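Student: Could you walk me through this one? I'd like to ask about it piece by piece.

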Amino acid sequence: MTQYIVMGMTCAACQARVEKAVGKLPGVKSASVSLLTNSMGVEGEVSEADVISAVEKAGYSARIKDTAAAEGKNVRSASAKLAAEEAALEDRETPKLVKRLAWSVGFLLILMYLTMGHNMLGFPVPAFLEHNHLGLALTQMLLAIIVMYINKAFFISGFRTLFHGSPNMDALVALGSSVSFGWSLYVFYKMSVMITQGISNADLMDIYHDQLYFESAAMIPALITVGKTLESLSKGRTTDALKNLVKMAPKTATVERDGKELTVDIDEVRIGDIFIVKPGESIPVDGTILEGNTAVDESALTGESIPVDRTVGDAVSAATINRSGFFRAKASRVGEDTTFSQIIQMVSDAAATKAPIARIADKVSGVFVPAVIAIAAIVFTVWTLQGAGVVFALERAITVLVISCPCALGLATPVAIMVGNGMGARNGILFKTSESLETTGKIQIVVLDKTGTITSGKPKVTDIIPSEKVTEEELVTTAYLLESRSEHPLARAVVDYVDDPPCPVHPVINWKALPGNGISAEQNGQVLYAGSGKFIRTVCRMDGNMEQKENEISQEGKTPMFFARDGRLLGMIAVADVIKEDSPRAVKELQNMGIEVVMLTGDNERTARAIGKQAGVNKVIAGVLPDGKESVIRKLQEYGKVAMVGDGINDSPALTRADIGIAIGAGADVAVDSADVVLMNSKLTDVSAAVRLSRGTLRNIYENLFWAFAYNIILIPMAAGLYRGINMNPMWGAAAMSLSSFTVCMNALRLNLFKTHDASRDRKMRHPVSLEELRDINVDMEKKEEKTMTKTLKVEGMMCEHCEARVKKALEAVAGVAGAVADHNAGTAVVTLESDVADEVLVKAVEDQDYKVLGVE
């Protein structure tokens, strides 16, 4: 997407015209114009010159956003990109409007003193104007001309768009003010003629009081400027989140060059450079710690205010703060490739896109101004034909022109979207487009991948069960001595469990890894063993009590590991990929919103159901092949809008197929192509928070649109004089118009107070999907599986889910294999084939991973 800054737009009609003009260009796939940020995003094969030319022909001006502030710098550099972003967000309009408003009010007060203070309240005026009605009229005319000139931007823009055949809001203001001034000028000349004809002063005073509208001609643009100023101030606040992000970008870095510490510009840091960060400093680029320990405040990226401990080998990200400790790190991502730069780009791109709900206002805005002009003409004609008099009819027509407000329609959606996106970014929730922000709140089914989404993705010790007359300390110590030399993921879980590693008197010798079985070693003349229940039964006896506990552990989806010494069973340690602490809460929150939660996994049925039960998920679909996940999503979409939550890598097809793809725990990899929403943290509660924020933003948009439509529907007939007994003055119409857009912006700013993680006000959606409607999904999947060609391998040596993953990965790397499902409890690997694959090829793939294949069926 190429982004442009568009200048000269004042209302939704301008936005619609620019969008239409650029959208007609050959090669343009989409053009999205934002009135809020005065920006435009264009996708497609089209030259920048053609786009700018199309905007200029429409009566506006444009320039490339990235070069807006680069001033000759390389726009690929981080500082130039950020400077361009900062320049694009800089509020240049408000200072101009404030200056215009100050001058307008100054002259307008003098004018109002004459028209209302003197004429209505009898305030004194200079002697030369006392009873000099022609002189007073001339003074009013001059003051009106000054105020109109100060606000000439309305007239230039309004008449230009009128002559282009696409009138905007400025055209309504310009017409209303000009008609008022033109009629008053006619009356002024009429008064001059009457004086030459010797008309009495009393008759002249009646005309002076009733038919001059110089104050309206000046008041209309002045009051609209008041509204524009308030609107500009509130619009500026809607981009605060993005502005604050840009300001947090580090400007310099301390690097090591030729044995010296040098402070250089951030653009001079290269991949592989060694940089130094002291306590309290901002981390300049993404990197990996080489030396030192620290606590890093990552709130800029994740929204989490609690510092995270980082040590040697850990990754750190740009724009996070080093709260304690000195460290050296090696740069891995620099410039616009850093996580922070990608987040800014993502939030900026989202602001340049348009939510589907905005199209309602766009359609209305495209015809709104011409319709209002036509209504004003009809109102004037009807009142004149009914004998109401030209002055009354003109007053009604002018009021219709100035009270109508397309701006509120144009701002209703983008201001709320901008604030919503900013709130998401502050909480580590990144919506890639405005459409994704809108759609997330409408999802009816959330599909959760198991590993890394519901669970932590890392095995941990869950149970320590020693045999009789064996202490827990003896069991854990023996397990540590055996597993500390192994690289198996289950071994790492045991090692990580031990806080204080034992120092045995007698060393462990003759340590051996027995592929597919376990481990053996010797200590003080005794043989130690570790392995699965099947293996351990070959070296010692297992009593009925331990066998029962093994079954219970397995039913819970955990992997039992047994340990023995010299033919005596020491006990069992259970290891599992445990669910995250917040998973049950997140699932409950989604269900309380009326969203059906489904767990989708390639694991075996027993393990999947055990995890699902712990997390509170009622619907579990297990044993699904990689391509099968995408098929399940497609089937679920027949019942409602579906969101898929996964890691963004292994789940790419399913994330892409879903109505909303949510990548969880993205960390530094925020640019997950297949995801519509990126969650910086690994907290599943961020999924419910994203839905909550989307719903809050949508609710705010509906409120804005209701106000925008209701305002025009109620007040235009009032301005036309259709409500008996109510004759609105054009000045009141201008005042109402000036406040309408300001009201919309202020309502959107309420989203800054929104509590994304507060579930107390969650409500169920009106039309939730029933779990019963999904009961046939497994049947459909089974039918599909029957149509595919499968082979089942009997595999010996798989001990846990990680063994399953290893076998699965090896088989799926074979050409012709569509997918594989391994089950360490059953000792099988079911392979789905796209084409015929020889048994020998499959056997070799498994045995290359140190497992034994007993047969192929």
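This is a predicted model: local features need pLDDT of at least 70, side-chain atom pairs count only at pLDDT 80 or more; totals for chains, interfaces and linings use all residues.

Student: How many residues of strand S24 are buried?

Tutor: Helices (H or I, at least four residues) and strands (E, at least two) are DSSP runs, numbered from the N terminus. Buried means under 20% relative accessible area, exposed over 50%, and partly exposed in between (1.4 Å probe, protein chains only). In S24, Val-642, Met-644 and Gly-646 point one way, Ala-643 and Val-645 point the other way, and all are buried. For S24, residues 642–646, the count is five of five.

Student: Which residue of S25 stands opposite Met-644?

Tutor: Two strands pair if DSSP finds at least two bridges between them. S24 and S25 (residues 660–663) pair in the parallel sense over four bridges. S24 also pairs with S15 (residues 445–449), again parallel and over four bridges, and there Val-446 stands opposite Ala-643. On the S25 side, the residue opposite Met-644 is Gly-661.

Student: Which strands stand at the edges of the open sheet of six strands?

Tutor: The order is S16-S21-S20-S19-S18-S17, with antiparallel pairing. An edge strand has a single partner strand, so one side of it is left without a neighbour in the sheet. That describes S16 (460–466) and S17 (508–514).

Student: What angle does helix H19 make with S16?

Tutor: S16 pairs with S21 (residues 568–576) over six antiparallel bridges, with Ile-465 opposite Met-572. H19 (residues 489–497) packs on the sheet and touches S16, S20 (559–565) and S21; contact means heavy atoms within 4.5 Å. Axes are lines fitted to C-alpha atoms, for helices over the stretch in contact, and angles run from 0 to 180 degrees between N-to-C directions. By that rule, the direction of H19 makes an angle with that of S16 of about 75°.

Student: How far apart are the end C-alpha atoms of helix H5?

Tutor: The expected span of a helix is 1.5 Å times one less than its number of residues. H5 (residues 133–150) has 18 residues, so it should span 26 Å. The model agrees, with its end C-alpha atoms apart by 26 Å.

Student: Lys-458 forms a salt bridge with which residue?

Tutor: A salt bridge is a side-chain nitrogen of Lys or Arg within 4 Å of a carboxyl oxygen of Asp or Glu. For Lys-458, the closest N and O atoms of its pair are 3.9 Å apart. This pair links distant parts of the chain, 38 residues apart: Lys-458 sits in the loop between H17 (450–454) and S16, and its partner in H19. That partner, partly exposed with a relative accessible area of 42%, is Asp-496.

Student: Is Glu-589 buried or exposed?

Tutor: Glu-589 and Arg-585 both lie in helix H22 (residues 583–592), four residues apart, about one turn of the helix. Arg-585 is partly exposed at 44%. Glu-589, at a relative accessible area of 7%, is buried.

Student: How far apart in space are Cys-803 and Gln-849?

Tutor: Cys-803 has its place in helix H29 (residues 801–812) and counts as buried at 2% relative accessibility. Not counting residues up to four places away in sequence, Cys-803 touches His-488, Met-798 and Tyr-851. Gln-849 is 46 residues from Cys-803 in sequence, and their C-alpha to C-alpha distance is 9.4 Å.

Definitions and conventions:
Residues are numbered from 1 along each chain as its sequence is written. Side-chain values use heavy atoms; hydrogens and water are left out.
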